[in-house]
Amino acid sequence: MRLVGLDRELSELSELLRTCVRGEGGGAAVIGGAMGCGKTELLTALKSEASDQGFMVLDAVGSWPERLSPGSLLRQLLRSAGAPPGAVALLDGLHGRCEAVAEETGDLPWTLDAADTDVLHRLCAEAVRAAEDVPVLLCVDDVQFTDPLSLHWLLHLIRRLRQVRVVLALTECPLSRPAHPQLHAELLRQPNYRRLTLGTLSPAGVTALLAAHRGATPDPVFAERCHRVSGGNPLLVRAMLEDSRCASDPATLVVGDTYGDTLLSCLHRGRPALLRLTRALAALDGDIHAPGHLARLSGLEPAAVVRGTGALESAGLLDGIRLRHPVAAQAVLEGLSAAERSTLHREAALMCYEEGVAATRTARHLRICAGEGGSLPWAVPLLREAAERHLNGNRVAEAHSCLEAALCFEADDGERVGLRALLASTSWMLNPSISTPHLGELAIALSDGRLSARHTLMLAKYLLWHGRFDDAVRAVAQMDDRDERADPEYAAEVRATWELLSVTYPVVLAPARGEPANDDPRSLSAMALSRVLAYGPTDGAVAEAESALRAMRLGKHTQEWLMCAVAALSFADRPETAARWCDHWLEEARARKVPLWMAEFASLRAGIALRLGDVTRARSLAEAALAQVPADSWGVCIGGPLANLIQAATDTRDFAAAAEYVAQPVPDGMFSSRFGLYYLHARGCFQLETGRPYAALDDFTRCGELMTRWGFDQPTLLPWRSSAARAHLALSDVRAARGLADEQAALVGEGLSRARGISLRVCAATRDPGERAGLLEEAVTNLRSCGDRFQLAGALGELSREYGLAGQASRARDALEESRRMERECGAGAPSGAFGQASAPGETAMGRLSGAENRVVTLAAHGRTNKEIADTLTVTVSTVEQHLTKAFRKLGIRTRKELPRKNIPEAAAR
């Protein structure tokens, strides 16, 4: 360690050396101060200076394990390099005599006989004789651990310092109690005696130390945090510099293993009592600070606790009554076995309970010692209270840990069932898969009549999520409405939950269609979504959804209903309003760090982004949802994020990624939930865009059948008829396509809407060329009003083509330029649109076809039949049909008559 701020101290010590050299007698200095504050470094600097001045330097280091080893420190001193030769033989003789004495006296004060005293005097004389030839510097680091025999020798030498050229330099860390008062008394009698006390560094001192090590002025924020975490302790500053050495940003302070190891080494170098006290402080972490309680936990006397905390404070290790950094607490507790740590925290928990410490703080200790279990009558109620407080503060992980710990202590059966239900609820918010093991036990409790109605409703909701519909139906069937009649608040919760489940799992519970029973915002939000799904967008449903959103705060009793209200706005053609609300709740969920909430709001927001044509953001949000909660934890609701990913990948023409999403296994129960509709529609779009129109038609038809059966048959939810019409067009079944397109156009009505814009695009594709432009212009108007840039880009591209065919080159060019700009903005890939990509005036349409498609279309354009094309190209008729299907879609045509022969050289047909 480099000396910073110790120039004055080093100058005083140097003066002692000069006084000795001038023959003015020997001197002594004691360098005191807290652990890690530079005592050893100052002593090292003094030894270096003494060597330069020709001193004989003898040094030794005291240690706690050797404090009772007779003569251990003396042997270090007089066996140093350059020590007086005659001292070695005397030491060997004294060694045997000391062992015998130690066996007899043990830890009692030393009483030396004449022979021992004579040996010590002769050793002292050897040192004095050596000093006649060359001045001597005797250095003892950590003198507080000097063994009694060596201490007697030092006292002999100190009494002769006035007449000899010997300088004695000692370092001392008093730790939990004063060391060797008789030594200090003798030193005070010496005329050339200095007492130096080193302290921690000021903020300016830390900055100077950092600059000395780094060779440049440190970042002020880095220096300030370094001072705060180290408490100004120079050794800990150096440790943090080492931890931060490999950080990518020089301004980033890393508090790591070196910091923890250094702090622990300081404590190990001192008395064991200080380590015990520090462990007690680390375990309590500020919960209790009375010396009596610290003494009880550490096994020390209250006076020793006061001195020990003073030593830790002077070393900068404490901030108030806490260790300055979690790494410090971790380092001092790691040395304990699991059983020792559990015992420590069990006693800490009992003290906290007796002193009325906050439940959440007391629970922290119980969570650590819960593995022991046992009977603590107050533990379970306290842990439950702590869990509820953590939940109110949106600290779900801490609440989960408290409930897990509560189950480890003894409790009656009814209490355990309640705890298990609460644990399932908190597990759910972290990751639904974690709750699965608890559902079986709750189902058993339900069958035995031990589960309350409130918990039964919760169990039914979780069973539905995991696709266990039969179990959920049985759970609902066992609910008794007597609780509802007795408790209006509970009745409102049941009603709201029932409505929520009915719009999510309509195969189990018929959707509610009536008026909300009360002004409960949860009921309002669920009913708003139910009405949009049943009747389409209405101003009343939108007003109810927004009213519910304004009335609720994010919490475990509102999160799902908030999602209902946002979904209602999205399906009611208010995507921008829905996006603002969803962004707000997503940020709230992130701030509260509840994984399931973050994932569900991210998935919902991805769906809204798709309705706004923001394909890139939709994909990013859907990926974030699955990163937050793994796919296998979503249950039947996996259809939501997967549908968004499939649709976004398809729209960006990343068919390889879309195929991977489609290949992911999904639970069968998903198709009995609203999320299964999203999945079927997205998968159908992928099948259609990748040349599998029959498979696409199957998905769209099944989606429509389920929507009709459940009473959700509104194009604003999913325009399945338009999509199915596109599949029929790909199969050249124009009649079926036209019927579906017209049917959907009639359902959406005359008002401006996204669903009407999509419907008009398909209607245009089923009409003759001369009739398409008007329908597409109206589609553009609708899509521009709703903000779906992806659909708008496709409609503009198709309109550009129609303008081109009609000879309106300028209008065609303008529409095409806007289409391409929209495609760039929404992140779409190379577009095919719904029915083909428009070409700029004079641009060849054939440039969008693959080589095989180009050859097939060239021959078809010049009148060849499929059989003739197959024979010419040496392929099957089926292959020709597939190429024509894809080519017709890319070119935006339905029949061979519409093939652009004028843009195909006749030579290409040959």
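A residue is called buried under 20% relative accessible area, exposed over 50%, and partly exposed in between. The model examined here is predicted.

**Exercise 1.** Classify the two partners of the salt bridge between Glu 15 and Arg 18 by accessibility, and state how they are placed in helix 1.

*Solution.* 
Step 1. The closest N and O atoms of Glu 15 and Arg 18 are 2.9 Å apart, and a salt bridge requires a side-chain nitrogen of Lys or Arg within 4 Å of a carboxyl oxygen of Asp or Glu.
Step 2. Arg 18 has a relative accessibility of 32% and is therefore partly exposed.
Step 3. Glu 15, at 28%, is likewise assigned to the partly exposed class.
Step 4. Both residues belong to helix 1 (residues 7-21); because they are 3 residues apart, about one helical turn separates them.

**Exercise 2.** Determine which parts of the chain are tied together by the salt bridge of Arg 195 with Glu 172, and by that of Arg 754 with Asp 788.

*Solution.* 
Step 1. For Arg 195 and Glu 172, the closest N and O atoms are 3.3 Å apart.
Step 2. Strand 5 (residues 193-198) contains Arg 195 and strand 4 (residues 166-172) contains Glu 172, so this pair joins parts 23 residues apart in sequence.
Step 3. Arg 195 is partly exposed at 40% relative accessibility, whereas Glu 172 is buried at 4%.
Step 4. The N to O distance between the side chains of Arg 754 and Asp 788 is 2.8 Å.
Step 5. Arg 754 lies in helix 38 (residues 754-765), while Asp 788 occupies the loop between helix 39 (769-786) and helix 40 (789-805); the pair therefore links parts 34 residues apart in sequence.
Step 6. Arg 754 is buried at 15% relative accessibility, and Asp 788 is buried at 1%.
Step 7. For context, the whole structure holds 53 salt bridges. A network of them links Asp 614, Arg 784, Arg 789, Glu 818, Arg 821 and Glu 825.

**Exercise 3.** Describe the lining of the largest pocket by position, helix and residue class.

*Solution.* 
Step 1. At least two lining residues come from each of helix 18 (379-392), helix 20 (413-430), helix 22 (453-465), helix 25 (488-504), helix 28 (559-571) and helix 30 (595-611).
Step 2. Helix 22 contributes the most, with 7 residues.
Step 3. By class, the lining divides into 14 nonpolar, 8 polar and 10 charged residues.

**Exercise 4.** Identify the members of the largest nonpolar core that touch the most other members, and list the contacts of Trp 634.

*Solution.* 
Step 1. The largest nonpolar core has 130 residues; Leu 366, Val 566, Phe 601, Trp 634, Leu 677 and Leu 717 touch the most other members.
Step 2. Helix 28 supplies the largest share of this core, 10 residues.
Step 3. A second, separate core has 78 residues, among them Ala 29, Leu 198, Leu 210 and Leu 318.
Step 4. When residues up to four places away in sequence are not counted, Trp 634 touches Trp 465, Ala 599, Glu 600, Ser 603, Ala 625, Leu 626, Val 629 and Pro 641.

Terms used:
Residues numbered from 1 in each chain as written. Predicted model: local features only at pLDDT ≥ 70, side-chain atom pairs only at ≥ 80, totals over all residues. Heavy atoms only, no water. 1 Å grid on protein atoms, 1.4 Å probe; cavity = no way out; pocket = protein on both sides within 12 Å on 5 of 7 lines; lining within 4 Å. Helix = DSSP H or I, 4+ residues; strand = E, 2+ residues; numbered from the N terminus. Nonpolar A, V, L, I, M, F, W, Y, C, P; charged D, E, K, R; others polar. Buried < 20%, exposed > 50% of the residue type's maximum accessible area, 1.4 Å probe, protein only. Core = buried A, V, L, I, M, F, W, Y, C linked by side-chain atoms within 4.5 Å. Contact = heavy atoms within 4.5 Å.
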